[in-house]
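Please work through the following exercises with the sequence and the model side by side, and try each task before reading its solution.

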Protein chains: 2
Amino acid sequence: MHPIRLLVCSAPDDPPALLVDQPRLLAALLRAGSPLTIEPTFLTSGDPALADALPHATALVGWHLPTDLIRTHGAQLRLIQLTNAGVDNLSPFDWLPPHTALCNVSGIQAAKLQEWAAMALLMLNAQMPHFATAQRAGLWSRRNTPVIAGKTAMIFGTGSLGTAAARAARNLGLHTIGIRRRPAPTEGFDEVLGLAGHIAALPRADFVILALPLTPETRGLAGTAFFAAMRTGAGFANVGRGALVDQPALCTALERGHLAGAFIDVATPETLPSDSALWATPNLVITPHVSCDDPLTYIPDALDVLIDNLSRLTNGQPLRNQVDPALGY
Amino acid sequence: MHPIRLLVCSAPDDPPALLVDQPRLLAALLRAGSPLTIEPTFLTSGDPALADALPHATALVGWHLPTDLIRTHGAQLRLIQLTNAGVDNLSPFDWLPPHTALCNVSGIQAAKLQEWAAMALLMLNAQMPHFATAQRAGLWSRRNTPVIAGKTAMIFGTGSLGTAAARAARNLGLHTIGIRRRPAPTEGFDEVLGLAGHIAALPRADFVILALPLTPETRGLAGTAFFAAMRTGAGFANVGRGALVDQPALCTALERGHLAGAFIDVATPETLPSDSALWATPNLVITPHVSCDDPLTYIPDALDVLIDNLSRLTNGQPLRNQVDPALGY
C-alpha cells in the first residue's frame, strides 16, 4: 500500500492540548489497528512552505485552513479533515477543489457538551445569572427556586450537540422539544418541530438552548421577535455560534427583566473585547467558547475520525462526517 | 379525640411561599387522611400574645422560636416541630422544657439539594468560578476542562443532605467518599471515613462538599490546615453553615490559586454585608442560602412531617426527626 501523504496544518496559537503531533498520530493508528502508512508533514498555517507541500499531499488535517493556498495549490487533495465541527468561517466554499472532500468531527464533542448543557440548565433554573449579577454588586439577594424536573427545554438543532443537550435535559426530568429545519421524529427528543414554526412554539419553553450551525438561514435567528416570544422569566443559552444571536436584542431582553437569565458560551466577536457591553449586562453569564472541548480526549477522538476517513478513502468507501457546502454543515 | 391545640409561630419576614397558614394545614391533613382535629393559633414571634397562648398549646410549629417564652411558658408543649433542619442557632438547649420533644424536617430538602450539588460539582469542574471572576474583569480567558466522570468527590456529612449530594455525584460518574463522625458503611457512598482522619484523606478529593450540621466539633472545620491538605486545583463547596468555614483561610487559599474555585451557599454572617471581602474574592461564587428550599414543596413537605408527628404523639409512637440536644442535630 502506498503511504498517504498527510499535511498537518496547525494554527499559530493552538494550545499544546489541542495540537496534532507525531505521537498522537501514531497512537491513533495503533488504536485503529490500521495497516495504513502515513507520511506526515507538520506545518503552521501561514508558513510559506505550505505552497510547496500542498501539491504533494493527499490529505490535510487541521481547522485553521489556508483556503487561498488550497484553492491554488490543493487540487490533488482528496480529503480535508477538519478537527472542529463548525464550518461557517470557511463559507463561501468556492476555494474547495472539486474533487476534495471536506469532513468535520461532529460527534466527538457530545460528552463534554452534555455536561455543559446539564450545568447550564441547572444554573438557569437556579437563577445563577441573577446571583452572579448580585454578587458583582455585593448583594445578598435571595430567590428560592423549585426543582427543574417537569419543566420544558426547547433545543434548536438536533445534530450531535443538540442531541447531547437533549440527553442532559431528559436526565434532569425535562420535557424536550427539538427544532430542526425539516421536522421529523428524532431519537432523543420528546417532540420535534420545524424551524419555520419556532416563534409560535417558543412560549412553551422554560429554557431555550441554541445548538445550531451558523448558516445564512440561522444568522441572527435569536433577535427581538424571538426573545419577545419567549416566556417571561425563561432562560436562554447559546452553544452554537455567537452570530446566531442579535446581541443587542438579548441585552435588552435581559435589562428589561423579560428573560430571567442567559448563558452564552459563544459571542461576536471572539475574543470578546474588554469594553464589550455584554460583560456587565445583568443576568448574563459568559464563558469563552469552552463548552465542547475536553482537552484529554479531543485530539485523540478527532484523529480517530481522521484515520477512519483515510481508511475509507483508501478502500473507496463513503466518508464519515462529510460537510455539504450547499447546506453549510 | 380531643382537638390538638397548635401554635403556629411565623417569623416577621417569612416570604409568602414559606408561610404556614390555615389552607396549607388543612391540605396536609387531607393528604394524610388524618382523623386528627387541630385548633391552630397563628402568631408571629415577638407578638406579646405568645405569652398567653403558649401555656395552652400542645404543639408549636415554626423555625424562628421564642425560646425565652418557651422556657417560662412552654412546659405543657409536647412537640416543637421545626420547619427547618439546622438547630445550631437554638443551642444551648437549656430553654427546652424537659418533656418537650424538638423535631426538625431533615430529609425534605434532599431533591432540591441534589440538583444544587450536581450544579456545584459541574460548575467547579468547568472552572465557572474562574470564568465568573474573568467576566467581572471583562476578560475572555479560556480554560478547557475534561468531563467530570471518574473524578472523586469527598462529602462531609452522610445525613439527608450529604446523601443527596452523593447521589448527585454518583449520577455524574464520580467516586464518592463520605466523612462522618463514626465511620461505617453508608448507603449511597462508595466509601465512608471517620471525621478524625479527614486531613489525611483530603488529598484524594477533586471536589469537597460540606453538608454538616454546625456543632462545637464542626465549627471552623475548614481552615488553613484543611485547605492546605486539599489538592492544588481542587474545588470546594459549602451547603451546611457558614461557620463551618474559616472564611479568611478560604479567601487565602483562593487568592493564592491553591484551590481552583469555591462555591458557598452559606456565609458568616447572613445576610453577608455589602462590604464583605468575600464578594470580590477571586474564584469564589456566592449564593444567598438557597440550595435546599423548593418554594413549591417546602412547606407542604414540612407540614406532612408535622401531621405525622402529631399522629405519632397521639398514638404514643416514637417521633420522626427528633433532635438530640446533646449532639446538636
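This is a predicted model: local features need pLDDT of at least 70, side-chain atom pairs count only at pLDDT 80 or more; totals for chains, interfaces and linings use all residues.

Residues are numbered from 1 along each chain as its sequence is written, and chains are lettered from A and ligands numbered from 1 in the order in which they are written.

**Exercise 1.** State the confidence given for chain A and for the complex.

Solution. Begin with pLDDT, the predictor's confidence in each residue, from 0 to 100: its mean over chain A is 96, and 100% of the residues of chain A reach 70 or more. Then turn to the complex, to which the predictor gives an ipTM of 0.93 and a pTM of 0.94.

**Exercise 2.** Describe how the domains of chain A are bounded and how they touch.

Solution. First take the bounds, which come from an automatic or database domain assignment: domain 1 of chain A covers 4-108 + 294-315, and domain 2 covers 110-286. Next, the C-alpha centres of domain 1 and domain 2 of chain A are placed 32 Å apart. Finally, counting two residues as in contact if their C-beta atoms, placed from the backbone, lie within 7 Å, one finds 5 residues of domain 1 of chain A in contact with 8 residues of domain 2 of chain A.

**Exercise 3.** Characterise the packing of α1(B) against α10(B).

Solution. Helices are DSSP runs (H or I, at least four residues), numbered from the N terminus, and here α1 spans residues 22-32 and α10 residues 298-315 of chain B. With axes as lines fitted to C-alpha atoms over the stretch in contact, and angles running from 0 to 180 degrees between N-to-C directions, α1(B) and α10(B) pack at about 60 degrees, their axes 9 Å apart. Angles under 35 degrees count as roughly parallel, over 145 as roughly antiparallel, 65 to 115 as roughly perpendicular and the rest as oblique; α1(B) and α10(B) are therefore oblique to each other. Among the residues that meet are B:Leu25 and B:Leu29 in α1(B), and B:Leu303 and B:Ile307 in α10(B).

**Exercise 4.** Determine how many residues of chain B contact chain A, and which element contributes the largest share.

Solution. The count gives 37 residues of chain B in contact with 37 residues of chain A. On the chain B side, α4 (110-125) and α5 (128-136) are the elements that give two or more residues, and the largest share, 8 residues, comes from α4(B).
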